[in-house]
Amino acid sequence: MTRITRRRFLQAAALAGATLGAPMLARDAYAQELSFKPEPGAKLRVLRWKRFVQGDEDQWLANTNKFIEKTGIEVTVDAENWEDLRPKAAVAANVGSGPDIILSTNDDPHQYPDKLLDIGDLCEYLGKKYGPWYPSAQAYGRSGGRWIAMPLGSGGNCMNYRESHMKVAGFKAFPRNTDAFLKLCQGLKKNGTPPGFALGNATGDANAWCHWLIWAFGGKMVDEQNRVAINSKETAAALEYGRELYQTFIPGTLSWLDPNNNKAFLSGEISLTSNGISIYYAAKTSKDPNMRKIAGDMNHAVFPVGPVGHPTMSALFFTCVIFKYTKYPNAAKEYLRFMMEKEQYEAWQKASIGFVTQPLTFYERNPVWTNDPKHTPFRYSCKNMLPNGYAGSLGAASAGCMADFIVVNMVAESVSGAVSVKDAMSSAEKRAKRYYR
Amino acid sequence: MNNALSRFFDNRNVLGLLFMVPAVALLVVFLTYPLGLGVWLGFTDTKIGRAGGWIGIENYAFLVTDRIFTLSVFNTFVYTVVASVVKFVLGLWLALLLNKHIPFKSFVRAIVLLPFIVPTVLSAIAFWWIYDAQFSIVSWMLMKLGIIDQYINFLGEPNLARMSTIIANVWRGVPFVAICLLAGLQTIPPSMYEAASIDGASPWQQFWHVTLPMLSPIIAVVMTFSVLFTFTDFQLIWVLTRGGPINATHLMATLSFQRAIPGGALGEGAAIATAMIPFLLAAILFSYFGLQRRRWQQGGSDK
């Protein structure tokens with residue numbers, strides 16, 4: 001059976017362009033369209049993280065079905081809790097068998113870069129067509145000058161707040177710097193509508209805001225040469241600020257795990273927290289009138305900027321990797337290309353009401369960011385975020401430090417007053433050195 | 001030749017060894033090998049999915065200086081000792097009550113087992129709500145009754161968090177102890193109590209000199225299991241606190257998991273897990289050589 005593939009058609013088109021004596025045109029044609037010719041009889045196994053919002057999974061599968069219909073390639077998509085998926089991916093990489101494609105999180109691809117297929121052609125193409133890629137996306141996608149992972153986007157984080165409560169506390173708009181932010185929190189606390197930020201071992205929420213806090217004041221786990229630099233006067237300033245901030249929190253945040261702030265916000269116990277768009281998603285899609293009321297009153301804002309002068313938010317980052325052991329590298333690349341094209345990617349973002357923030361600038365204009373103004377603050381999450389392990393490189397050390405809650409523990413024990421700022425920093429430094437050695 | 005072969009197989013020693021092979025093979029493959037591998041991993045710097053090299057006792061040398069590890073050892077001890085003692089006392093008490101003639105005896109006995117039957121994760125989630133900082137039913141009730149004026153920070157304050165997790169563990173563990181001890185109580189011949197009462201022994205003396213000594217072999221077994229379960233508890237902590245607040249409830253098992261699987265430091269995690277073995281062995285040896293002494297069982301005391 002002969003099929004006229006898109007690629008062959010394009011080759012012909014490009015050839016036609018070239019013969020017209022217009023090399024520029026040919027390059028544009030390449031920049032706009034690219035297609036990989038799947039291996040005959042290709043079958044793909046995709047393992048992805050379990051959805052955080054239902055719309056994401058539904059649309060991802062719908063897009064996959066579209067791909068199946070179009071190419072006849074058999075694709076199976078399995079989902080697992082993202083934290084369980086991480087060790088599995090590492091084992092697959094090293095055993096050399098398992099899913100062809102894994103939707104992985106954070107620093108994972110950088111723990112086994114040499115087991116991953118070089119997907120430079122795909123990423124360059126996407127970067128040209130929809131890009132450029134944001135710096136954070138490049139940090140997560142490239143290793144040693146090579147594209148090892150295709151950035152998929154970030155689970156953006158924003159401040160979630162109740163507008164009416166903020167106004168009562170004397171703020172017309174959400175504060176943009178840390179000083180004003182502290183004042184807002186103090187005002188909220190005084191009015192009996194306190195803020196609450198997770199300080200337990202909450203992988204997502206606690207890591208997100210604690211890293212923001214440290215970075216906002218210029219503190220960082222390691223410097224550019226991966227030397228541990230957490231024990232610094234910048235970190236100390238951040239922790240001192242954190243102490244004042246902690247005074248305004250609702251009681252109990254030391255025990256908070258990932259779901260706690262969602263529950264507390266949706267029941268009206270707190271009026272400010274940091275979270276992805278999942279709280280709003282739950283409130284907006286709920287049938288409960290109380291929840292709908294909260295959806296109407298709540299809004300999002302980007303994290304305030306600290307003395308360091310630039311945005312320092314932290315977010316869960318998603319990438320797609322193809323393992324070298326796959327028998328169908330072209331089919332796999334074609335699948336990823338297909339999922340990233342406008343028709344699919346925009347629909348996917350829309351279905352998850354912007355849970356995943358694009359890694360490519362083009363998708364800033366996705367209507368999902370503007371059709372509900374409450375989505376808009378999430379629009380630039382990838383642009384505003386710093387990669388994990390900042391300012392060093394991504395790898396096993398940065399992943400280990402995060403999983404071991406070194407920053408979260410340091411913040412929790414010092415802001416709650418359990419340990420002095422100095423001791424908290426030196427203990428974090430000691431633990432971090434174990435990973436960065 | 002044939003004769004020699006059949007004689008060989010007729011040899012009782014050979015035959016005995018031969019019959020033991022399947023059991024030994026199972027033990028080696030499923031117990032000794034994984035255990036040995038775990039111990040070996042503890043001496044390496046293996047990361048998840050990446051083979052490591054031998055680093056001797058470096059992991060242990062680090063752990064001894066690691067504040068969080070030493071805290072987890074302390075937590076594990078507090079957790080195990082307090083929970084085991086409470087479980088034993090409550091379990092024995094419950095068993096003695098259930099051993100009396102009460103209405104609907106078998107129904108009540110079945111009910112008692114319920115906490116043990118519910119999957120740990122489910123009961124842990126129930127406790128997670130009970131202890132919630134904002135939605136705790138206990139806090140809510142006490143507030144309504146006017147006893148407290150602020151929600152109790154069950155899982156947010158280190159000692160309170162330890163106590164809360166221990167209570168959840170006790171709730172789950174008591175039925176097991178109670179039912180096993182009840183079974184033990186029923187094996188004590190009534191004639192012994194009759195003899196004791198003829199001799200004029202008070203109920204307390206009967207308990208002290210008949211029940212307890214006769215029960216001690218069962219107690220030894222039950223408490224060994226109970227201590228082992230408690231020492232290696234994982235699910236309850238993982239659901240309730242993930243080791244928080246600020247690692248105040250991290251047990252050796254949860255810390256081992258956190259470092260080994262999400263953290264990727266398989267070698268160090270294995271070292272933490274291996275560090276549990278001596279404690280577990282000590283617990284087993286204590287119950288076997290201590291509680292199972294014949295003299296104790298016969299109501300005497302050590303000389």
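Analyst: Happy to! Two residues are in contact here if their C-beta atoms, placed from the backbone, lie within 7 Å. Please keep in mind that this is a predicted model.

With that cut-off, let's start at A:Ile101. Leaving aside residues up to four places away in sequence, A:Ile101 touches A:Leu44, A:Val46, A:Cys320, A:Ile322, A:Ala332, A:Tyr335 and A:Leu336. The largest nonpolar core has 199 residues, and A:Ile101 is among those that touch the most other members, together with A:Leu44, A:Tyr335, A:Leu336, A:Val411 and B:Leu240. Helix H9 of chain B, residues 158-186, gives this core its largest share, 10 residues. In soluble globular proteins, nonpolar side chains tend to be buried together.

Now for the surroundings. The contact between the chains takes 31 residues from chain A and 29 from chain B. On the chain B side, these are 12 nonpolar, 12 polar and 5 charged residues.

Chain B itself has 15 helices and 0 strands. Its radius of gyration is 25 Å, well over the 19 Å that the globule rule gives for 303 residues, so chain B is more spread out than a compact globule. The C-alpha trace of chain B spans about 90 × 65 × 40 Å along its principal axes, and 36% of the residues of chain B count as buried.

As for confidence, chain A has a mean pLDDT of 90, with 93% of its residues at 70 or more. Residues 1-31 of chain A, however, stay under 50. Where pLDDT is low, the predicted coordinates should not be read in detail.

Technical notes
Residues numbered from 1 in each chain as written. Chains lettered and ligands numbered in written order. Predicted model: local features only at pLDDT ≥ 70, side-chain atom pairs only at ≥ 80, totals over all residues. pLDDT = per-residue confidence, 0-100. Nonpolar A, V, L, I, M, F, W, Y, C, P; charged D, E, K, R; others polar. Core = buried A, V, L, I, M, F, W, Y, C linked by C-beta atoms within 7 Å. Buried ≥ 20, exposed ≤ 12 C-beta atoms within 10 Å, placed from the backbone. Helix = DSSP H or I, 4+ residues; strand = E, 2+ residues; numbered from the N terminus. Rg over C-alpha atoms; globule rule 2.2 N^0.38 Å.
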